[in-house]
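Please consult the sequence and the three-dimensional structure shown here while reading.

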Amino acid sequence: VIRQRFSVHSSLPRCARLLSTSSRCRTVMPAWVIDKYGSNEVLRFTKNASFPIINYPNEVIVKVFAAGLSPIDVAMRGGYGAATLSMKRDPLNIKQSGSEFPLVLGRDVSGVIMECGLDVKHFREGDEVWAAIPPWKQGSLAEFVLLSANEVSHKPKCLSHIEAAAIPYVATTAWSALVNTGGLRKDNCANKRILILGGSGGVGTFAVQMVKAWGAHVTVTCSQNAEQFLRGLGADHVVDYTAGPVEEPLSALEKFDLILDNVGGDTESWALKLLKPWSGAKYVTLVTPFMQNTDRLGVADGMMQSAATVASKALKHLMKGVHYRWGFFAPSGCALDEIRDMVDAKQIRPVVEETFSFSQVPQAFEKVEKGHARGKTVVQISKGGDDV
């Protein structure tokens, strides 16, 4: 009985849905893919990418209107995290090496639900949604994308799809670092002193707005030409890193309750001294060697190396009265629900630096690869909702 019910559900609605957009049941779709890791030349446009299929009852298929690009997309194009992500895609190591190809990149999506699995309760076909796509899944540089319902959230009503696609990945990354790892919440943030190192990129611009909306005092580092931009987002104090060693002006300020590091490098050699000792103050860095360790040493040895590194650093700094933590992206529809409410309340606005058409994906990658962003780069996959 169960088998028969599933068969009826999976065949009839799919054809009914597809008849509204096509004269036949779809098996392929247009997408930008890569067939190997490398530079921008590996990007390939195809009209024959595999159409996503719902395999689990909690999944949804989303028609993509806009896709946001992040530095992680450029890194993944070059093979960053390949060993770790392959393990996540194929935990039992059943498939042969290279089975992830052709791979679709793109971590941000804004679009419309086209089909729901049997267990999906909070969404229905036609709902406008946004999501941050985990790096181990096929991405949003395609006409359709498959997601778990718990990764998806209803899109803010006040945003267009292009604006909405600028937020999810950086928002869930910042949320994971500041809330899950840093322990910040809207009811404990008032008057806390927060330092954001590297404030003008996607994560930084979101983090500034979020903690400012929660009542924190926010200091950021950036280049001089980004100062007015960040003050416009709510930053209380801006330090220009191009004017000389940034640790000197920062050391002259009152110490901080939390530091979010988007820069990495030798930053942690001096940044932890800026925290209030013995007060629960935390340093959270998003620039970690975790993926490089697993790519270089293999998954098991790489994870052991990472665990040893973070444990030794945490213990060393705990002896000095501050907490050292690594932050990671974590997909979360629940986090996006709260972020949506902040967006609709005008507490957070999207920062779109440049928009590209679907045919200009290689140019969009070149833009992201140059760095020094003032917000996000977004690709418009299809226009409006006329073709839904």
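**Terms and basis**

In the residue classes used below, Ala, Val, Leu, Ile, Met, Phe, Trp, Tyr, Cys and Pro count as nonpolar, Asp, Glu, Lys and Arg as charged, and the others, Gly among them, as polar. The model is predicted, with local features requiring pLDDT of at least 70 and side-chain atom pairs counted only at pLDDT 80 or more, while totals for chains, interfaces and linings use all residues. Residues are numbered from 1 along each chain as its sequence is written, and side-chain values use heavy atoms, with hydrogens and water left out.

Cavities and pockets are found on a 1 Å grid over the protein atoms alone: a cavity is a set of points where a 1.4 Å probe fits but cannot get out, and a pocket is an open set with protein on both sides within 12 Å along at least five of seven lines. Lining residues have an atom within 4 Å of a point. Grid points are joined across faces, edges and corners, and a volume is the space filled by probe spheres set on the points.

**The second largest pocket**

The second largest pocket has a volume of about 1,100 Å³. Of its 34 lining residues, R89, K95, W136, K137 and Q138 are the closest to the centre. Two or more lining residues come from each of strand 1 (28-34), strand 2 (43-50), helix 3 (82-89) and strand 6 (144-148); helices (H or I, at least four residues) and strands (E, at least two) are DSSP runs, numbered from the N terminus.

Helix 3 gives the largest share of this lining, 4 residues. By class, the lining of the second largest pocket comprises 17 nonpolar, 10 polar and 7 charged residues.

**The cavity**

Across the whole structure, the search finds 1 cavity of 30 Å³ or more. The largest cavity has a volume of about 70 Å³. Its lining consists of A166, I167, V170, G202, T205, F206, Q209, R349, P350, V351 and K376, a set with 6 nonpolar, 3 polar and 2 charged residues. Helix 6 (residues 202-213) supplies the largest share of this lining, 4 residues.

Helix 6 is mostly covered, with 10 of its 12 residues buried, where buried means under 20% relative accessible area, exposed over 50% and partly exposed in between (1.4 Å probe, protein chains only). Among the buried residues are G202, T205, F206 and Q209. Just after helix 6, G215 takes a positive phi of about 95 degrees.

S200 lies in the loop between strand 8 (193-197) and helix 6. Because its relative accessibility is 12%, S200 counts as buried. Leaving aside neighbours within four places in sequence, S200 is in contact (heavy atoms within 4.5 Å) with T205, A226, F229, L230, A373, R374 and G375. T173, in helix 5 (residues 168-181), is buried with a relative accessible area of 8%. Not counting residues up to four places away in sequence, T173 touches V203, L286 and F329.

**Cysteines**

The structure holds 0 disulfides, a disulfide being a pair of cysteine sulfur atoms within 2.5 Å. C116 is in no disulfide, and the nearest cysteine sulfur, that of C334, is 17 Å away. C116 is buried, with a relative accessible area of 12%. C222 is also buried, with a relative accessible area of 1%.
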